[in-house]
Amino acid sequence: MASVLPQLLNLLLQFIDSFGFLVLSAIGLAIIFGMMGVINLAHGEFITVGAYGTALSFHAGLPLPVAMLVGVALTTVFGLILEFTVIRRLYGRLLDSMVATWGISLIMIQGLRIVFGSSLPSIGTPLGSVQYGSFSYSTYRLLLAGASLVLLGVLYWVFTSTEFGTRARATIQDEEMSRALGTDTNRMYLLTFGIGSALAGLTGALYAPTMTIVPGMGSTFLVEAFVTVVVGGASVLVGTSGAGLLLGFINAVFSNLFGTFAGRMALLVTTILVIRALPRGITGLLEDVRGGT
Amino acid sequence: MAGETTTNVDRTASDGVLERLQNALEGPNTLGQGRTFWIGFTALVGLLLVYPMLRSSYYVSNTAYLLVSAFLGLSLCIVWGYTGIFSFGQVAFYGVAGYTFGIVSINVTGPVGTLAGLVVAIAVAGAFAFFVGYFMFYGGVSDVYVAIITLAVTLVLNTFMGQTAGEEWAVGAARLGGFNGMTEIPSLAIGVGDTAVRITDAAFYYFVVGSLLLTYLGLRVLVNSDVGYVMVGIRENQDRTELFGYNTQKMKLGVFTFGGVLAGFGGVVYASWGNYIDPSVFGLTFAALPIIWVATGGRKWLSGAIIGTFSVAFISQKLSVFGGQYSLVILGALLLFVILILPEGFVPQLYRRLPWLVDRLPGGESE
């Protein structure tokens, strides 16, 4: 019994860590996709911009929390500029939006490599680690999981209790009608894309201290983000957190038993199985349950 | 487009063999009809055939490589351009077939091995596409999710093959080799025992040109047949096509599997060309290439896909020589430009302006 408990605790911590990673990777993508119907294949590179902004300003001498804010601000501005110049022309052209953002992603990966070289010096994970028995766990990574929960809470509040949230949801539900009722839908889309970019930047800023900062680092997040959005379905909050719980659990169990690679494979297989059974993801399942009663 | 179908194609008027052939090859789903087109086409094929006599073997081998890419481009054109299934994972089938070919042909030595490798690799690629496609289309997975699933499958293969560097990752005599790749894959050969001919250098070039020609003409017949009309129907409006009584899921699965087979053939020829394959065939950058090729040339037309593949692959090769690190930036910008300014691709644009050009040439004729 004595050896089972730390093992379970380890599994739990791994689950929390995995949940945080999935939710933080996916949240920006989920908002832009769920609200605007635009698939941002450069999402991974938006996260990279956040991480670069953080790392560069940290090395320039700013304290880490301030550096992170710089990273977020940089990504937001970057996202707004892109929305204004490119994304705006692609509304209603779902697949084209994927191809175009894919082009942006290629430009950015190589552009970062040209400007900053093949990697930036790392930041180093702050806060040390938690010890329990023969295991230890990074405190900072637990903090990240906490950040994902706070973020979900804040988004819930924004979308249910603010005027912006009401207008945004109206725009999703019926764009023409909400425009007729006086909502500037173009501005709504611009703001939504800005929020999505900011969240991607935040993810990059938060994970910057835990990773090696290289131009191609976005791909680490991209697959996880897409898998989470696919399993979650169109609803941002319910879908993303539900998918984070399910996939985080599966990832933790398989990584714990058979290693990191098995965890990743299990993630993908689960995704395929979930989609086979629930084409609209967890969102669709919940809607069916609600509609059925 | 549906309206043109009935007026343009008059299948009852065929009497001679040539005319019947022409009717099968021409239709509303391909660019390029009539005598002018076929004369130009024959001239182009003739040029391809005499090319090895004009240039050194280095250029011939290089051109052969560019032509090999066209199989990948064509497979994506059929799947994405004609049927509207946005597969981000065409390279997965290409790579799976390449690796399978390596495994079989290294283990079974001699020309029998390479032929068996060709057949098995294409079968494996097709079966893999069928498996992925079955889960997607019978699960009711829609456009974007198809792209995401195929991309995820490709990236998982990339991670998987990347960690196979150890000794234990071997199938018989074939070592998978991790990021160093699988080396010493034999070239394709035809025949038995001592009479076998290895397909290398000029022979390889002619093999590629020949199979590409057959594939192109075969696909022209396919897309202008009833099957092709259903494919385009699904692309334009899946629900309506379904209401007309077509089994769209089955059709999409069939097209997707066929695309996997075609990409698989390209993968085998590629592995045999370089005698080598590595996990970068499953990488993000390589996955992007077929999409750039096909989108640039014109994804809804076979000629667009081939010309796009050849020219963009050619340009990116030149860029990597002269433009160095900027080549990917330029490719990405090209993709962005095409999607924003020329969503149909440049080949249909050129083609529409061509009659105007031909008219102005001395003695030119247009239809």
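A search of the whole structure turns up 34 aromatic pairs over all chains. Keep in mind that this is a predicted model.

**Aromatic rings**
- To describe a pair of aromatic rings, you give the distance of the centres and the angle of the planes.
- Take A:Phe46 and A:Phe78: their ring centres sit 5.5 Å apart with 70° between the planes, and that makes the pair edge-to-face.
- This pair links distant parts of the chain, with A:Phe46 in helix H2 (residues 43–59) of chain A and A:Phe78 in helix H3 (residues 64–85) of chain A, 32 residues apart.

**Salt bridges**
- Side chains of opposite charge can pair when their charged atoms come close.
- Over all chains, the count comes to five salt bridges.
- One of them joins A:Arg141 to A:Asp17, at 2.9 Å from N to O.
- Helix H5 (residues 139–161) of chain A holds A:Arg141 and helix H1 (residues 4–36) of chain A holds A:Asp17, so this pair ties together parts that are 124 residues apart in sequence.

**Where chain B meets chain A**
- The contact draws 40 residues from chain B and 36 residues from chain A.
- Between them the two chains bury about 3700 Å², and 83% of that is on carbon and sulfur atoms.
- How many salt bridges cross the interface of chain B and chain A? There is one.
- That bridge pairs B:Arg299 with A:Asp96, whose closest N and O atoms are 3.8 Å apart.
- On chain B, the elements that give two or more residues to the side touching chain A are helix H6 (111–137), helix H7 (143–162), helix H12 (284–297) and helix H14 (327–341).
- H7(B) gives the most to that side, with 13 residues.
- Sorted by class, the side of chain B that touches chain A has 31 nonpolar, seven polar and two charged residues.

**UniProt's take on chain A**
- An unreviewed UniProt entry lists several stretches of chain A as "transmembrane region", including residues 21–42 and 221–250.
- In the model, residues 21–42 of chain A are 73% helix and 0% strand, with the end C-alpha atoms 18 Å apart.
- Residues 221–250 of chain A are 90% helix and 0% strand, and their end C-alpha atoms lie 17 Å apart.

Key
Residues are numbered from 1 along each chain as its sequence is written. Chains are lettered from A and ligands numbered from 1 in the order in which they are written. This is a predicted model: local features need pLDDT of at least 70, side-chain atom pairs count only at pLDDT 80 or more; totals for chains, interfaces and linings use all residues. Side-chain values use heavy atoms; hydrogens and water are left out. Contact means heavy atoms within 4.5 Å. Buried area is the accessible area (1.4 Å probe) that two parts lose on being put together, summed over both. A salt bridge is a side-chain nitrogen of Lys or Arg within 4 Å of a carboxyl oxygen of Asp or Glu. Helices (H or I, at least four residues) and strands (E, at least two) are DSSP runs, numbered from the N terminus. Ala, Val, Leu, Ile, Met, Phe, Trp, Tyr, Cys and Pro count as nonpolar, Asp, Glu, Lys and Arg as charged, and the others, Gly among them, as polar. UniProt positions are given in the numbering used here, feature names are shortened, and annotations may be inferred rather than shown by experiment. Rings of Phe, Tyr and Trp (its six-membered ring) pair if their centres lie within 6.5 Å; planes under 30 degrees apart count as stacked, over 60 as edge-to-face and the rest as tilted.
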